[in-house]
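Please have the sequence and the coordinates open side by side. The text below goes through selected parts of the fold in turn.

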Amino acid sequence: MRDVVVIGGGLSGLAACYELEKHPIHYTLIEVKKRLGGSIVSTAAGGFIADASAFAIAGIEDLPLFGELGLDQDRFEFEPGQFGFCGGTGSLTGALAQRLTGARLMRMAVSSIGRVDGRFTLCLENGLLLDAGAVIVAAPARYAERMLFNLAPDLSDWLRGYDYDSIRRVSLGYHKRDLPRRRIRPYSVIYPFVFATDSPGRVPDADHLLLQVGVRASSDLSPGDLIAQVLSHYGCDENPLFAQVDRWNESDPLSCYDDDHAATVSAIRARLPEGISLIGSDYCLGPPQKRGVARIDERLRQGRAAARAALDFLSSEKRS
């Protein structure tokens with residue numbers, strides 16, 4: 001019998017599972033994709049390690065967690081208050097996933113959540129039915145809305161109201177001699193951020209540089225055309241050693257920049273049934289990205305807090 005089910009294996013869901021690992025309970029992690037990590041993906045090619053989303057990360061206070069995960073020495077500084085992971089941001093989600101011993105259901109989607117005889121029921125899209133004492137939903141709003149519709153229909157309008165930015169991330173690897181001499185560091189509506197590093201591990205050697213450029217662009221623009229646009233805009237050599245374009249549909253929630261967002265999140269959580277938590281970047285009280293710099297601390301805290309809330313709920317159910 002499962003005590004807790006965690007739906008979603010992104011950063012917040014993994015943090016929740018990591019916290020649950022510290023307690024003698026049975027939990028199951030359900031992930032719709034064939035891998036864990038959500039929008040955090042690191043790719044190695046040609047001596048470069050690029051990130052599909054979070055690359056530069058705001059300095060956070062939860063440093064003891066990095067020590068627990070063996071990541072103390074896996075960081076480098078972009079500039080004061082910003083750091084990256086030498087092995088890619090996937091080092092963080094990978095380290096969390098490696099320490100999990102609970103059951104996993106991969107490439108599984110939850111279609112709806114209900115409640116029968118004091119336990120939550122989860123209907124999977126393949127027809128499988130699971131039950132749990134508590135549920136942590138670590139999924140974007142548009143998926144959470146569908147899962148929770150029968151259990152909490154009054155949340156639907158709130159969760160359907162989320163919009164997302166059109167930012168795509170272009171990663172480029174160069175030999176430094178082939179880069180323009182002028183400093184590549186504009187902030188504009190179309191190109192909201194640019195990061196660069198020659199940190200060991202991220203590049204073949206100190207003579208090379210890895211760039212990540214944020215571009216607001218239509219999804220109709222092909223990766224090749226987008227790369228050509230970026231190279232032309234910055235005056236870069238037309239033959240980078242490494243080039244990659246990434247887009248994660250829910251990685252940049254526009255709703256987090258609305259004046260009413262914090263109140264909306266509080267209202268959503270107040271309407272959740274007891275025993276259910278809703279976590280992830282869509283539900284951060286502050287913007288999870290600012291000029292491309294990822295703020296992962298709140299997502300980590302959400303996951304760990306949701307795990308503790310599930311444990312408290314299970315304890316109260318046993319006492320009643």
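The paragraphs below treat a helix on a sheet, then a hairpin, then a single threonine.

The model is predicted, and local features need pLDDT of at least 70, side-chain atom pairs count only at pLDDT 80 or more, while totals for chains, interfaces and linings use all residues. Residues are numbered from 1 along each chain as its sequence is written, and side-chain values use heavy atoms, with hydrogens and water left out.

Helices (H or I, at least four residues) and strands (E, at least two) are DSSP runs, numbered from the N terminus. Four strands form an open sheet in the order β14-β15-β13-β16, with antiparallel pairing; two strands pair if DSSP finds at least two bridges between them. β14 and β16 stand at the edges with a single partner strand each, so one side of each has no neighbour in the sheet. Neighbouring strands are turned by 15 degrees against each other on average, direction ignored; axes are lines fitted to C-alpha atoms, for helices over the stretch in contact, and angles run from 0 to 180 degrees between N-to-C directions. β13 and β16 are joined by five bridges, and L172 has A243 in β16 as its bridge partner.

Helix α6 lies across β13, β14, β15 and β16, at about 65 degrees to β13. α6 comprises residues 223–234 and reaches 17 Å from its first C-alpha to its last, close to the 16 Å expected (1.5 Å times one less than the number of residues). L226, I227, V230, L231 and Y234 are its buried residues, buried meaning under 20% relative accessible area with a 1.4 Å probe, protein chains only. Seen down the axis of α6, these buried residues fall within an arc of 135 degrees, so they line one face of the helix; the arc is that of the directions from the helix axis to the C-beta atoms. Their cover includes β13, β14, β15 and β16. After α6 comes G235, with a positive phi near 70 degrees.

Strand β6 (residues 75–79) is joined to β7 by four antiparallel bridges, R75 being partnered with F85. The two form a hairpin with two residues between them, and G81 in the turn has a positive phi of about 90 degrees. β7 also pairs with β5 in the antiparallel sense over two bridges, where A58 stands opposite Q82. Both faces of β7 are covered: Q82 and G84 on one side and F83 and F85 on the other are all buried.

T28 lies in strand β2 (residues 27–31) and is buried, with a relative accessible area of 3%. A polar contact of 3.0 Å joins its side chain to that of R2.

Terms used:
Buried < 20%, exposed > 50% of the residue type's maximum accessible area, 1.4 Å probe, protein only. Contact = heavy atoms within 4.5 Å. Polar contact = N/O pair within 3.5 Å; in protein donor to acceptor, adjacent residues only side chain to side chain.
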